[in-house]
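Here are a few friendly notes to read alongside the model. Please keep the structure open as you go through the points.

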Amino acid sequence: MTKKITISELYDLRETIASKLFEGMEYPWEALPKIHDFILELGSTLSEEHFEKRGENIWVAKSAKVAPTACLNGPLIIDEEAEVRHCAFVRGNAIVGKGAVVGNSTELKNVVLFNKVQVPHYNYVGDSILGFKSHMGAGSITSNVKSDKTLVVVKGEGIAIETGLKKMGAMLGDNVEVGCNSVLNPGTVIGRNSNIYPASMVRGVIPSDSIYKTATEIAEKH
C-alpha cells in the first residue's frame, strides 16, 4: 500500500514545471513546506521571453490568460496557456501548470497544479498537489486542517503514515475526477485514474483505477 502513494506512483513529473521540487522525496506531501522557496528559486530563472513578472514574486506566462478581476498574490508561477478566470483568488505559494484552469471564485493556497488541471468553479484547494489532468467538479474542496488541530496522518489499508504537518489537504494522482460538492478531508490520497462520486466525503487512501461511491463501496474500474 505504501508504494501506491509514492510520488512515482501518483504523478508523471514530466507534466509539471515543478518537477525538481520533488527530487529526493518519497511522498508528495513532503513537498508542501518547500513550495514557497522553490517558487522564488525557479521564478528567478524563468525566461523573460516567455514570462513576465507582475508585482512581487509573481511570474505569469505571456501566453496565459488572467482575468482583470483575479487576485494574485506571490510567490506564484502561472505557466503557459493557463487560464485564471473571474474572481479567482490565489493567496500565494502556488504553481499553476500549463493549460490549467483556475475558475470563478476558486481559491488556491500552497499548491502545485500539474499541467491541464481544472479547478473551474467555486473550489478551495489548499496545501494540496493535483496531478496531470485532474479535475475537481463545481463546489468540491480540499479540507486541509483537522477539527482537533492535531497533525495529519495518512491512513489506508494497513498503514498510518505521520506527515508531521498541521495543514495537508489532498494529493490527487494524474487523471483523477472529483465529483461536484465533494469534500476531501485532510490527508486524503487518491490514486491515478480514479473517480469520486458527487457529494462524497472522502478520507484516507483511495486506490488507483477506482470508483469511490461511499467509504464502504469502492469499485474497481474496468
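1. I would start with the pocket. This is a predicted model, and in its largest pocket strand S15 (residues 153-156) supplies the largest share of the lining, with three residues.

2. The volume of this largest pocket comes to about 240 Å³. Its lining is made up of 14 residues, and those closest to the pocket centre are Lys 146, Val 153, Lys 155, Pro 186 and Arg 203. Sorted by class, the lining of the largest pocket holds six polar, five nonpolar and three charged residues.

3. Now to the rings: the structure has four aromatic pairs. In one of them, Tyr 11 and Phe 114, the ring centres are 5.0 Å apart and the planes meet at 25 degrees, so this pair is stacked. It is worth a look because planes under 30 degrees apart count as stacked.

4. Where do Tyr 11 and Phe 114 sit in the chain? Tyr 11 belongs to the loop between helix H1 (7-10) and helix H2 (35-43), while Phe 114 lies in the loop between strand S10 (107-113) and strand S11 (118-121). The pair thus links distant parts of the chain, 103 residues apart. Both Tyr 11 and Phe 114 are buried.

5. A further stacked aromatic pair is formed by Tyr 27 and Trp 29, at 4.8 Å centre to centre and with 5 degrees between the planes. Tyr 27 is buried at a relative accessible area of 12%, and Trp 29 also counts as buried, at 3% relative accessibility.

6. Finally, please look at Phe 22 too: ring pairs join Phe 22, Tyr 11 and Phe 114 into a cluster.

How values were computed:
Residues are numbered from 1 along each chain as its sequence is written. This is a predicted model: local features need pLDDT of at least 70, side-chain atom pairs count only at pLDDT 80 or more; totals for chains, interfaces and linings use all residues. Side-chain values use heavy atoms; hydrogens and water are left out. Rings of Phe, Tyr and Trp (its six-membered ring) pair if their centres lie within 6.5 Å; planes under 30 degrees apart count as stacked, over 60 as edge-to-face and the rest as tilted. Helices (H or I, at least four residues) and strands (E, at least two) are DSSP runs, numbered from the N terminus. Buried means under 20% relative accessible area, exposed over 50%, partly exposed in between (1.4 Å probe, protein chains only). On a 1 Å grid over the protein atoms alone, a cavity is a set of points where a 1.4 Å probe fits but cannot get out, and a pocket is an open set with protein on both sides within 12 Å along at least five of seven lines; lining residues have an atom within 4 Å of a point. Grid points are joined across faces, edges and corners, and a volume is the space filled by probe spheres set on the points. Ala, Val, Leu, Ile, Met, Phe, Trp, Tyr, Cys and Pro count as nonpolar, Asp, Glu, Lys and Arg as charged, and the others, Gly among them, as polar.
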